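Colleague: Could you walk me through how to read a few features of a protein model?

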Amino acid sequence: MKKKLYLPLIIFLALVAAFLVQLQRNAQGDDPKTLESALVGKPVPAKTLTDLLSTKTFDESLFKQGKPLLLNVWATWCPTCYAEHQYLNHLAKQGVPIIGLDYKDNSEKAVKWLHDLGNPYQVVLKDEKGSFALDLGVYGAPETFIVDGKGVIHYRYAGDVNERVWQEKLQPIYQKLVGAQ
């Protein structure tokens, strides 16, 4: 009977220990937005998708352009996507190729969004049911992947791409891939 009295205390102490470990990891610079991905080092999943702005279809060869690119998962219902959109337009003007994946979204709203806010994407793929995003391991928007010229994923970032994120996290990897061509 006395053993049952200690059970809540043991559970509480285990939770405290888990929280302390996580706090220590964050203090050491581990970024909780940097997600490990089972697809890093592997090709973009094979799937045929339709372009949002036309009836054209694309397969995984879209990601094998011979030069690195960003694959940006976004949606009109996502306020963080709205926050990052202006910076994506900036990157596109600098010549960074970006493919958009419109995730679980209303196509009419997405087309209006791009018309009103500008279109930073070379191609915008529709993923109305989220099946391609599921193949990528996406759990929300926005998420951005760096893909090399052979269609292999090198990095995954969850959260908005802004100047700081680009300079500190994405650009070094992107530039390394550009230099490796």
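Modeller: Happy to; we will take the ground rules, then the fold, the surface and the disulfide. This is a predicted model, where local features need pLDDT of at least 70, side-chain atom pairs count only at pLDDT 80 or more, and totals for chains, interfaces and linings use all residues. Residues are numbered from 1 along each chain as its sequence is written, and side-chain values use heavy atoms, with hydrogens and water left out.

Colleague: How many helices and strands does the protein have, and in which pattern?

Modeller: Helices (H or I, at least four residues) and strands (E, at least two) are DSSP runs, numbered from the N terminus. Here there are five helices and seven strands, and along the sequence they read α-β-β-β-α-β-α-β-α-β-β-α.

Colleague: What percentage of the residues is buried?

Modeller: Buried means under 20% relative accessible area (1.4 Å probe, protein chains only). Of the 181 residues, 42% count as buried. The accessible surface, from the Shrake-Rupley method with a 1.4 Å probe, is about 10600 Å², and carbon and sulfur atoms hold 58% of that surface.

Colleague: Which cysteines form a disulfide?

Modeller: A disulfide is a covalent bond between the sulfur atoms of two cysteines. The criterion is a pair of cysteine sulfur atoms within 2.5 Å, and the count comes to one disulfide. Cys-78 and Cys-81 form that bond, with their sulfur atoms 2.5 Å apart.

Colleague: Why is the disulfide of Cys-78 and Cys-81 called right-handed?

Modeller: Because the torsion about the S-S bond is about 85°.

Key. Buried means under 20% relative accessible area, exposed over 50%, partly exposed in between (1.4 Å probe, protein chains only).
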